[in-house]
Each structure stands twice: as C-alpha cells, then as structure tokens.
Amino acid sequence: MNPNGSPVAAPVIEVDRVCFAYGPVSVLQDVDLSVQPGEFLGLVGPNAGGKSTLLRLILGLLQPQAGRIRVLGQIPRRARGRVGYVPQHPGFPRDFPISVQEVVLMGRLGLGMALGSYRRTDRAAAACALAEVEAADLAGRQIGTLSGGQLQRVLLARALVSDPAILILDEPTANIDQRMEGEIFDLLAALNARLTILLVSHDIGFISGYVSRVACLNRTLLCHATEAIDAAAISAVYGSGVRRIQHRQGRPTRSGATGTTDAAREMTDVSV
Amino acid sequence: MTEFIDAVGRHGFLQQALLAGLLASLGCGLIGPFVLVKRITFLAGGIAHSVLGGMGVAVYLGADPLVGALLSAVLAALLIGWVRLTWRTGEDTAIGALWAIGMAVGILFIAHTPGYAQDLMSFLFGNILLVPPRSLWFMAALDLLLLAVVLGGYRQFVAVAFDEEFARLRGVPVTFFYLLLLVLVAVTVVLMIQVVGLILVIALLTLPAAVAGHWTYSLAAMMVAGTLLGSGLTSAGLALSYGPDLPAGPTIILLAGALYLSSAVLAWLRGRWRASPTLPAARA
C-alpha cells in the first residue's frame, strides 16, 4: 500500500541488487530499494554509508557494477528529464556572475528549443517555481549574496521548474539553521501532494515527522519497512529528538561524524 | 593625441590597425568572461603559446602563418580538453608540456626558414601596424563565427560554465560544449595574435573581462562591457604608442594592467564601504 491508500502502482524508482565500488572500495552491496508513487522516503545512515552514491546511481551520473536500476520504468539516463535534483554541495562557485532567475531558468534546459534564448514560458515557469518556494523576491539577486537558507530555496526552485515527477534531495538542510530546516520541510511536505520525494539525511530525528517511510543505508540497505511508519515508531527506535544513531557494536557514533569503519558498517534495524 | 587622430585620417595602415584592435576586442569580450569564470586562464595560456608551433610550420612551408596558428590552436585545445576529460589530474602537466613543445617546434622551423627571423618578434609580441587587409577579413570571419556560436549556444555555455553536473542532468551534452568552448578560446587566441602577439594574448583575454566582472553581475553584461573595454584599450594603446614610437602590443597590455589594478582597488574599497554599515543587520 502506498501512503495515499490507493492500490499499489508500479514503483517510480526500482533498485535491484545494485553493487557499486570506487576502485577497490566497495560502497554499496546488493542494495534493493523500491519507491512507490506519492511516497516521501527518507534515506538515512551514517556519513560515508553510500547515500549520495545511491542517489548518483539513481540519477544516472554513475553506473552500477552489478544490479539494475529503473526510474519511471526507464534507465536512469532516460528518466533524468522528469527528475528534479537538489545537490548537497552546489557545484558552482558562489562568486559566479549570475542572478537567481538565471540559475532557476537552467532547470528549463532540455525542454523546448535547443538553441537560442529562453522563451516566455520558461520565464513564467521560473517565476512560478520561485513563488512556490516563497523566494519570488530573490529573483533579481546575485547568487553570491544569498544566505544558506535562501540558496537552498533557490536550488529547490531550480529542481521544480521543469515540473518533475520525482524530487531527489541530498541533505537539503545540512548548511542551514533549525528554524529554516523546519520551513524547508514544511515546503517539501506540501510538494509531496503532487511529487514523489526521495530525501537523504543523516538526521533521522528531524525528518521522522515529515516522511512517510524511512530506509537506512550503510553499504547494504538493512531496513526497508514496507508499511508506512509514523514518528512515534521511529522515536521509539532512535529516541525522540536524539541526533545519533546507535550501532550494533555498542559504539555510539554521532551521525555527523565520519568514524564508521568497515567493521562498523552495520545499522540498527528499524523494524516496525 | 591630436597628432594621432590627424595621422589616422592620413594613413591607411593606422585605420587598419584600429580596425584590427576592434575586431580582436569582440573576441576577447565574448570569450574572456568564460575563461575567467571557468578558471581556465592557464589553459588559454597553453593554447596561446603552443600556437607558435603551427605558425613555424606554416612559414616553413610557405603558407599563411595565421592558418597554421588556427590549426595548431584548435589541435592544442582539443588535446588539453581530452586529457582533462580522461584523466582529470594530468591537466596541468599536459598544458605545461604543450606550452613548451609548441614553442620549441615553432622556433626550430622558423630557424630553418631563411629570412623569417624578424617575424618571430611580431609573432611573440604582435605587430598591429602591419596587419594586412587579408588578415582583417580573416579576423572578421573568426568574429562572426564566435558570435554565431556563442549566441546560438549561450544557455548551454553558461550552464556548462556554471554547474557541469546539473547541466548534464538537464540533458546538455557537457563534453561537447566544454570542448567547443576550448575551441572558441583557441579561435580567440588566433584573433588576438596579430594585435598583441601570442605571449601577451592572455592579458587581453582576461583583463578586460576581469575589469567588467568588478562592476557587472551577469555574463552577458560582462561580454558587452569586456568588448567595449577591449576596444577602448586597444585604441588608446595604439594612440599612446604612436607619438613616442613604442611597440603597440606591450603598450596596450600595460594600459590593461593599470586599468585592472585600479579597478580591483576600487572594487575592494567599494566592498569594504558597503560591508561595514550592513554587518550588524546581517547578523540579526
């Protein structure tokens, strides 16, 4: 069952026994994941656990060494046009001479004419996307003058402007304060009415109030609840508001630290 | 100065020199901002110096050195681009190697071409007063090519310069546009060799764009301002050098350098002046 209670539809993202390694370093091993239409899936796990790598595989920026990935029934490269992506670290220098409006317009590339300038419909869509993330007043600002929270809204607008079916976010609130974090998540919860959302976070305590399901990744995807779980269930496992993840070895590892070794690459089950 | 304006009216070669400066300025205005924001100044320098190889071979074979320059510049750009895309880490070394090898090849061929030794200086430092009309047409054609390609693919070039990964996700053929950008840099280098020579090209390619970048806030504005600044600098440099009979290329570059330094200081002062009263507000 998906969270809307409608009959089970074809999954929008299907990851089937995927393995990936950077050279000799295995990052993902036999990972299975399936995301249903309309879900808001939180993908949690310690740093260096392979969360970002899994996202990059789903986006088709990396190729798996084994296994199969389908996005909207197609190989990732073909489905890219209908996926919006908000990266963890913006891949651009902050002093780049460009306005917020121009950055958001880039999300329209690949739609319509290949050559020439943006069309009126593109500009209307950019204005619309900025309004949706409550950043319409930033349109004329230089990208370098934005605060962390404002930049995150703009990157969200850039991902939304192509009217995607799936929204993928990698630690969207890593660089902003908690009040802003709440605002961004309220925004995502509203967007979830029309979009499937896959969100990576190391902060399960916070996202539990918003997501419809949580998957934990640390090299292998250990827990993968098929039923929707609520905030209480997650709090019961992780402790309410506690920003840490307990590992089986009994060695507490702060979720923000990179102290996980291969030996510790195992996660607490979140069985519900 | 009046002496110069007088002379321009009387001498066709000065009119041609002015025109050559303007034609080169369009190239530096269009491509300079990309070199700047993409931080490929060293790469552009490598392309510029390796061009001597092509020019040397061309004069040895009795062909037009500009054609040799164009071929070797494009070849160097594609080679460096290929190294960067394939190995990433080897880029610096590859640029340094092409830089030196290109110049060595050029010097060898020029040394074995009788009577061409004096041309070496004009290849290296430019000779804007001796630009033949044929070269002006060649430069105009390169300008048209640059303008058409940059306007046609403007969105894609900006996207690739800004955020390669996101451009790739939006279906932009990033590798193609990156290599095309390097080829455009190569074309621009050839465009400016007549005016300031291949050693000084890098200054004219980056300094007007950098000055424009101090005071404008979009790539398009940088292109317009960079072209105007380049035109002003080449014309003023030519005028200043005419009276005391100085070489025009180095005069243009020193003017550009002086303008860049004063602009950088002014921009820094403006930044401090703006930052001080708003600091408490930003914290609140």
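Across all chains, the count of salt bridges comes to eleven. A salt bridge here is a side-chain nitrogen of Lys or Arg within 4 Å of a carboxyl oxygen of Asp or Glu. Side chains of opposite charge can pair when their charged atoms come close. The structure is a predicted model, in which local features need pLDDT of at least 70, side-chain atom pairs count only at pLDDT 80 or more, and totals for chains, interfaces and linings use all residues. Residues are numbered from 1 along each chain as its sequence is written, chains are lettered from A and ligands numbered from 1 in the order in which they are written, and side-chain values use heavy atoms, with hydrogens and water left out.

One salt bridge in chain A joins Arg194(A) to Glu132(A), with the closest N and O atoms 2.6 Å apart. Arg194(A) sits in the loop between helix 6 (178-191) and strand 7 (196-200) of chain A, and Glu132(A) in helix 4 (residues 120-132) of chain A, so the pair ties together parts that are 62 residues apart in sequence. Helices (H or I, at least four residues) and strands (E, at least two) are DSSP runs, numbered from the N terminus. Arg194(A) is partly exposed, at a relative accessible area of 45%. Glu132(A) is also partly exposed, at 32% relative accessibility. On this scale, buried means under 20% relative accessible area, exposed means over 50%, and partly exposed lies in between (1.4 Å probe, protein chains only).

Glu183(A) forms a salt bridge with Arg153(A), and here the closest N and O atoms are 2.7 Å apart. This pair links distant parts of the chain: Glu183(A) is in helix 6 of chain A, while Arg153(A) is in helix 5 (residues 148-160) of chain A, 30 residues apart. Glu183(A) counts as partly exposed because its relative accessibility is 30%. Arg153(A) counts as buried because its relative accessibility is 8%.

In chain B, the side chains of Glu164(B) and Arg84(B) meet in a salt bridge (3.4 Å, N to O). Glu164(B) lies in helix 9 of chain B and Arg84(B) in helix 4 (residues 65-87) of chain B, so the pair ties together parts that are 80 residues apart in sequence. Both Glu164(B) and Arg84(B) are buried. Salt bridges that share partners join Lys38(B), Arg84(B) and Glu164(B) into one network.

The two chains also meet each other. In all, 21 residues of chain B are in contact (heavy atoms within 4.5 Å) with 30 residues of chain A. The size of an interface is often given as the accessible area lost when the parts come together. The area buried between chain B and chain A is about 2,500 Å², and carbon and sulfur atoms give 59% of it. Buried area is the accessible area (1.4 Å probe) that two parts lose on being put together, summed over both. Arg155(B), Phe162(B) and Arg170(B) supply 37% of the area that chain B buries against chain A, more than any other three residues.

Three salt bridges are counted between chain B and chain A. In one salt bridge, the side chains of Arg158(A) and Asp163(B) meet at 3.2 Å, N to O. On the side of chain B that touches chain A, helix 7 (133-152), helix 8 (154-162), helix 9 (164-169) and helix 11 (219-242) of chain B each supply at least two residues. Helix 8 of chain B gives the largest share, six residues.

Two further residues of chain B were examined. Val196(B) lies in helix 10 (residues 174-215) of chain B. Val196(B) counts as buried because its relative accessibility is 0%. Leaving aside residues up to four places away in sequence, Val196(B) touches several residues, including Leu124(B), Phe125(B), Ile252(B) and Ile253(B). Tyr242(B) is found in helix 11 of chain B. Tyr242(B) is partly exposed, with a relative accessible area of 25%. With residues up to four places away in sequence again not counted, Tyr242(B) touches Glu3(B), Phe4(B), Ala7(B), His11(B) and Leu14(B).

Chain A has eight helices and eleven strands. Of its 272 residues, 50% count as buried.
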